[in-house]
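Colleague: Can you walk me through the sheet in this model?
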Amino acid sequence: MNKLSFVFFLMLVQVAVFSQEGWHPIDRGLSDFAVVNAITQKDSRIYVGGHYFTVNGENSFEDIFLSTDNYSWNAPACPSFTFQAINDIEVYGDDLIVGGAFSGIGGDDELANLAIWDGNNWQSVGGGLNGTVNAILVREDKVYVVGNFTNAGGKPDANRVAYWDGNEWHALGKGISGPVLTLEWGNDQLYVGGAFGSVNGGEILARGIARWDGAQWHSLTDACHGFGPNSVVQSLLFHDGQLYVGGQFFRNCPSHSNHSILRYLGATYEELGSDLSSDNIYAIGEHQGILYIGGSFENAGNDPDADFVARWNGLDWENIGISPNGDVYSIFSTGDELYIGGDFNDLNQNPFIDGIARFGSFEPPYEQACGNDADITALESLLLSTTNYEERHDYHEYRVENEVCDASNDACTINDVWALLKSDISFQIPIREDYEALEVNTPYANLKKGFLPSSSLSNMPIVDCAEVVVPNLVNQIAVLTTLSRPVNDFQADCPILQNSLVPNQDTVLLKVDEARKCVTSYTRSGHLMHSSKVERCVSCDDEGNVYIETRGKGFHTCGDTDMGAFLARFNELRVPGLYDKVDARMAETF
């Protein structure tokens, strides 16, 4: 077997291994101390909220509202948050509504604790709330919110629960006496749970759980009068027409244990499963008709491997593979895939599964290619799913972030920069003018500016599609080289380094992702300067300063050899300077 055949055989083996059902990371994860409280889906993207995020170990603590296509992260919102928390994210028409504990996005008090993200800007929801929002429920044209606030739009009785009708806030009776943590809709009524003892201004005894029928509050009590002091309802879910209640419970009756997951039968509560006493159930979810729970428990259903997350098998709780090592706060199903979020790290001994994990079969990205054949599927799959790929000498990775303009420039907003980046190829890939600092002699090749492509580039496709590969295009971005060693020796070291021997022949994709404000290009792995994957994304900070971040990563077809190691190092050292030049040109246009 020749060297090239072995490389692609290895790729196929890796893809086969990672196609097994189990827990999978998103890109290179968040961080060991990331906590994910909320997960939702809008269109084809997953949105995540929580606190203490660092994306791939690189970003700051500000990015606590993120989106992903399952293969890379993006902080879509600007300005971002700083040292605060998001507790829930829900789809609201064409927008997202976000709640949590934040004092005002970008210093705007009307964006406190609750705000709408329309894809480009933050919008106020009736002036914000004066306390933490713990959960959100969108029902037809109404948005119900619960938390620990006492004022919503100036309504004096909007104590810890209220709803927004699109124009103004409304109280629900006289509110609730203590913090509300969760809410659910069923039987045309609203159910709420939390750490309270009464509702409607203290008029109705309701320990930890209550329902609103549209006109008045009711308790949900059994013969034991509900839950005892210090009990907390953390999660509610209607499943198969019945209400499931999770939390940490201390009952009043000797005949009942302190079971943490219950099914409400209309007049009584039924314990569900075994060995879940005095634990916390923070999340209840449904995936493909099966009930799932997440929390701080261990050994659910007496299963020694059912820690922190478990599923109901009809008789008792059971594990769903290797368990996380910390609390699970969120469970979300897309219908096809199951996600969990919480305070865990290195799930399945994978250093990239921190805070959030996806359960299912690994599917290589870009395999569904909008009708085009995918010719880099194996390489991309290997790159994104192999835990030890950084140990290979021919792997390269670099990151460049440059400020394009500051907030004082009214003509340079994040949308202005994005519009220019996605419409002008010369800002997506380097051109001849950018190579001045890169005229270097190497043991293998001598780069000279005169041999590089001009700024007049041929047309290349810019495809607005989440998953696409356009193979075998002829273009003019190849870096031309003159050989300072005999051709035979050069070919012996790397016989398939296409750019040196066949100028202007390359595989290129320019992919536009409107949601993330990113342009991604792919080239065959033999490319000297742009091998594998380069992603350029627009972002901004709290002050409104606009940045472009470039990330490149990939392997070289030369393999894990001296030549491959040299070219990988060449990318790491030289290409960041190249994109500094590109960004400087971008800044000059504003």
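Modeller: What follows covers the strands, their pairing and one hairpin. The model is predicted, so to speak of local features pLDDT must be at least 70, side-chain atom pairs count only at pLDDT 80 or more, and totals for chains, interfaces and linings use all residues. Residues are numbered from 1 along each chain as its sequence is written, and side-chain values use heavy atoms, with hydrogens and water left out.

Colleague: What is the strand order in the open sheet?

Modeller: The order is β10-β11-β12-β13, four strands with antiparallel pairing. Strands are DSSP runs (E, at least two residues), numbered from the N terminus, and two of them pair if DSSP finds at least two bridges between them.

Colleague: Which are the edge strands?

Modeller: β10 (133-139) and β13 (169-171), each of which pairs on one side only.

Colleague: How many bridges join β10 to β11?

Modeller: Six, with β11 covering residues 142-147. Ala 135 of β10 stands opposite Val 146 in β11.

Colleague: And what is the bridge partner of Val 146 in β12?

Modeller: Val 161. Four bridges join β11 to β12.

Colleague: What joins β12 to β13?

Modeller: Three bridges, with the strands antiparallel. Ala 162 has Ala 171 as its bridge partner in β13. In their hairpin, with four residues between the strands, Gly 166 takes a positive phi near 100 degrees.
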